Amino acid sequence: MVAQDDKWISVDRRSGNLVIRFRVKGFSKQFYVASGLQDTKRNREAVRLKRDAILNDITLGRFDPSLESYQFRASAIAPVSLAPKKPKSECEYSIQTLWEKFTEFQSTQLAETTILGRYGAIASIINRLPTRSLADAPEIRNWLLGNYSHFMAWQALCYFSQCCQWASHSKLIVSNPFAKVQIQKPKRKSNEKEEFQAFTIDQRDLIIEAFEQHHSHSHYAGLIKFLFWTGCRHGEAFALTWSDVNEDCSEIIISKSCNYYAVNKGTKNGKRRIFRCQQETKLQKLLLSIRPQNTASSQLIFTSKAGFPMRTHTLFRVWNKHNMPNKVKIGVVKELAQRGLVPYLNAYSTRHTFATWAIASGHTADKVAYWIGDSIETVLKHYCHPSVSSLECPDF
């Protein structure tokens, strides 16, 4: 298996030497650079340096399609095109410009969801900065602390530092101005015990009933039932289409997920699984009751009330609260908690509730791990609660 560090690098079968193969957007052909070097640890390091130089040139818009600049030469004198470029001063680049270049560089190595999510969020923060000059790094730090939570300020500064460190190594700037303005990492407020709590069966059924009878959020009762009765991740449920369910709704194929930015991707562990339910079970009856008679196979099973694809923030609004102009609209579970009928747990507790009670009902850890798409170790660590398992379990 090729390591991440050896992307584009392979061994030519005929010569046994290391080669670099890659494609560049805008060019139909694959590019090929022969190194003439045998596959040794030291030679691989040299080839990686050449590969990184090519990648930087692609990112910075100065790629040489003739490949003349990237040939391996025995001469000790480097070609002019490969000579170290004099870095610009910090004043010639803004954090916004560097972040755009850094994002483009990282997009060749990271998932699209990461670029759209984390890197897009940092770009939004940069757009709000009062100054984007690298010389104003201390001022930027102070502004972040005054306008964001400690965690968000810390995270943004870490990304700024990572970006400028890359720019420094790429000879774009002389040094990293954010290296000396970092702040202490905030301590997590919640502990592991709080994150992996589960509702009792009675509490689960009360929440489902509350959704069914709610004047504004009854549309989401089917989704809440599905999450409680399968334990699947929210993104996996959001991405389900009717093509993923067989004709009698006894088998559900879970092979993809949908994130906040509407990007479909594989499941968290990259594995496809089939969730089977017996005839006449609550889950099968639910799917049969909501399945349209005439529907396209690509139609989503669960959508928002307005018919749009489901997103995490939509579920948060109906579960917890919706911040509206001049008022806050309390969600179903938040309201039940305020009335003292259930403890308040976040929406992901649907998964924990299913797994916990599946274990408590006598199902083995390996079965539960397959059903929820997780490892046996995780199931044993997080879902075997003695305080729950010791209770008498009603009809699960």
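Phe-105 is buried, and Trp-166 is buried too. The model behind these exercises is predicted.

**Exercise 1. Classify the ring pair of Phe-105 and Trp-166, and state which parts of the chain it ties together.**

Step 1. Take the distance. The ring centres of Phe-105 and Trp-166 are 5.4 Å apart. Centres within 6.5 Å count as a pair.

Step 2. Take the angle. The planes stand at 35°, so the pair is tilted. The stacked class needs planes under 30 degrees apart, and the edge-to-face class needs over 60.

Step 3. Place the residues. Phe-105 belongs to helix α2 and Trp-166 to helix α5, so the pair ties together parts 61 residues apart in sequence.

**Exercise 2. Which class does the pair of Phe-102 and Trp-166 fall into, and are its residues buried or exposed?**

Step 1. Start from the total. The structure holds 24 aromatic pairs.

Step 2. Read the geometry. For Phe-102 and Trp-166 the centres are 5.6 Å apart and the planes are at 50°, so this pair is tilted.

Step 3. Locate the two ends. Phe-102 sits in helix α2 (residues 95-106) and Trp-166 in helix α5 (residues 150-169). The pair links distant parts of the chain, 64 residues apart.

Step 4. Check burial. The limit for buried is under 20% relative accessible area. Phe-102 has 2% and is buried. Trp-166 has 9% and is buried.

**Exercise 3. Describe how helices α8 and α10 pack.**

Step 1. Get angle and distance. Helix α8 (residues 221-230) packs on helix α10 (residues 282-290) at about 150°, and the axes are 10 Å apart.

Step 2. Assign the direction. Angles over 145 degrees count as roughly antiparallel. That makes α8 roughly antiparallel to α10.

Step 3. The crossing of α8 past α10 is left-handed.

Step 4. List the contact. From α8 come Gly-222, Lys-225, Phe-226, Trp-229 and Thr-230. From α10 come Lys-282, Leu-283, Leu-286 and Leu-287.

**Exercise 4. Is Thr-378 buried or partly exposed, and where does it lie?**

Step 1. Thr-378 is in helix α15 (residues 376-382).

Step 2. Its relative accessibility is 22%, so Thr-378 counts as partly exposed.

Step 3. Relate Thr-378 to Ala-365. These residues are 13 apart along the chain, and their C-alpha atoms are separated by 9.3 Å.

**Exercise 5. Find an aromatic cluster and two lysines that lie over ring faces.**

Step 1. One aromatic cluster is formed by Trp-8, Phe-22, Phe-27, Phe-31, Phe-63 and Tyr-70.

Step 2. Lys-50 lies over the face of Phe-72, 4.9 Å from the ring centre.

Step 3. Lys-334 lies over the face of Tyr-344, 4.8 Å from the ring centre.

**Exercise 6. Summarise the chain as a whole.**

Step 1. The chain has 16 helices and nine strands.

Step 2. Of its 396 residues, 43% count as buried.

Step 3. Take contacts between residues at least 6 apart in sequence: 60% of them join residues at least 24 apart.

How values were computed:
Residues are numbered from 1 along each chain as its sequence is written. This is a predicted model: local features need pLDDT of at least 70, side-chain atom pairs count only at pLDDT 80 or more; totals for chains, interfaces and linings use all residues. Side-chain values use heavy atoms; hydrogens and water are left out. Rings of Phe, Tyr and Trp (its six-membered ring) pair if their centres lie within 6.5 Å; planes under 30 degrees apart count as stacked, over 60 as edge-to-face and the rest as tilted. Helices (H or I, at least four residues) and strands (E, at least two) are DSSP runs, numbered from the N terminus. Buried means under 20% relative accessible area, exposed over 50%, partly exposed in between (1.4 Å probe, protein chains only). A charge sits over a ring if NZ of Lys or CZ of Arg is within 6 Å of the ring centre and within 35 degrees of the ring normal. Axes are lines fitted to C-alpha atoms, for helices over the stretch in contact, and angles run from 0 to 180 degrees between N-to-C directions. Angles under 35 degrees count as roughly parallel, over 145 as roughly antiparallel, 65 to 115 as roughly perpendicular and the rest as oblique. A crossing is left-handed if the near helix is turned anticlockwise from the far one by less than a right angle, and right-handed if clockwise. Contact means heavy atoms within 4.5 Å.
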